[in-house]
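Subject: Handover of the structure and its pockets

Hi,

Please open it first, then read the notes below.

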Amino acid sequence: MSIHIGAKPGDIAETVLMPGDPYRARWAAETYLENPRLVNEVRGMLGYTGTWKGHPVTIHGSGMGMPSLSIYANELIRDYGAKTLIRIGSCGGMQEKVAIRDVIVAMTASSISTPSRGIFREFNFAPPADWELLRNAVTSAEAKGSRVHVGGIYSADVFYDERPDLNEQMTRHGILGVEMEAAELYNLAARHGIRALCVLTVSDHLITHEALPSEDREKSFGEMVEIALEAAFP
Ligand code: HPA
């Protein structure tokens, strides 16, 4: 047991998929894993471990925002020996060419601040995705016929954003989408020498103001689970 994860030693696989929503973790585990079993439910943050095509996999919620993700990712890495963390989530589109339902694979994630600010101080660390995972995810998405974009995203600290000028600058600099977790995931992966990737579906759009209808969310989410699993086990 760690402070926020009730799993027993050995209950967590080396490969962990991390949706923000704990109920999504349950849905993904019950839909895609063989023999999924609940390994954590502390504070309602659900984690399941099973196998996919024989490979041990854990699917564990991260919660919303970088401080929440940081707690779970730190404990998964330091206390349970996780070696590959793949975030699967939604984002707001920030380019005209990026449409609702498109898949974004994040090469890096810009931010105003992350929980690692205290370590980096004046240094602007560029948090990178793991190249092998990224390449495998793009191969998988293309094979499925998904519309996929690869590039930089923005990890925001607030969902209810009051800086339209900042969004304009992000768009101007080619940022594909905005979410709230990837930058710190990549920071932690770099610090601990493990692999990380963030795969996103565009659920809403900051320029067109479209939003993904709720009945489509499950289908898009399922596609991302498959891409993440195929990225980890090509
Ligand atoms: N902003 C921040 N995070 C998000 C968004 C957004 O518009 N959409 C999905 N996650």
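By class, how many nonpolar, polar and charged residues does the lining of the largest pocket have? There are 17 nonpolar, 12 polar and 10 charged residues in that lining. Please keep in mind that this is a predicted model.

Largest pocket

The largest pocket holds about 900 Å³ of space. Its lining counts 39 residues. Nearest the centre of this pocket lie Ser90, Cys91, Phe159, Ser203 and Asp204. Two or more lining residues come from each of β5, α5 (164–172), β8, β9 and α7 (214–232). The top contributor to this lining is β5, with 6 residues.

Ligand

Where is the ligand? The space it takes is the largest pocket.

- Ser90, Cys91 and Gly92
- Phe159
- Val178, Glu179 and Met180
- Ser203, Asp204 and Leu206

On its own, the ligand has 260 Å² of accessible area, and the protein covers 87% of that. Sorted by class, the shell has 5 nonpolar, 3 polar and 2 charged residues.

For Asp204, a polar side-chain atom lies 2.8 Å from a nitrogen atom of the ligand. For Gly92, the atom is a backbone N or O, and it lies 3.3 Å from a nitrogen atom of the ligand. Asp204 is also among the residues nearest the centre of the largest pocket.

Second largest pocket

What volume does the second largest pocket have? The value is about 250 Å³. This pocket is lined by 16 residues. Those nearest its centre are Ser111, Arg117, Asn124, Phe125 and Pro127. Of the elements, β6 gives the most, with 3 residues. By class, this lining has 7 nonpolar, 8 polar and 1 charged residues.

In short

The ligand takes the space of the largest pocket. In the second largest pocket, β6 gives the most to the lining.

Best regards

Conventions: Residues are numbered from 1 along each chain as its sequence is written. This is a predicted model: local features need pLDDT of at least 70, side-chain atom pairs count only at pLDDT 80 or more; totals for chains, interfaces and linings use all residues. Side-chain values use heavy atoms; hydrogens and water are left out. A residue is near a molecule or strand if one of its heavy atoms lies within 4 Å of it. A polar contact is a pair of N or O atoms within 3.5 Å; within protein, one must be able to donate a hydrogen and the other to accept it, and residues adjacent in sequence count only if both atoms are side-chain atoms. Accessible areas come from the Shrake-Rupley method with a 1.4 Å probe; for residues, only the protein chains shown count as cover. On a 1 Å grid over the protein atoms alone, a cavity is a set of points where a 1.4 Å probe fits but cannot get out, and a pocket is an open set with protein on both sides within 12 Å along at least five of seven lines; lining residues have an atom within 4 Å of a point. A molecule sits in a cavity or pocket if more than half of its atoms lie within 2 Å of its grid points. Ala, Val, Leu, Ile, Met, Phe, Trp, Tyr, Cys and Pro count as nonpolar, Asp, Glu, Lys and Arg as charged, and the others, Gly among them, as polar. Grid points are joined across faces, edges and corners, and a volume is the space filled by probe spheres set on the points. Helices (H or I, at least four residues) and strands (E, at least two) are DSSP runs, numbered from the N terminus.
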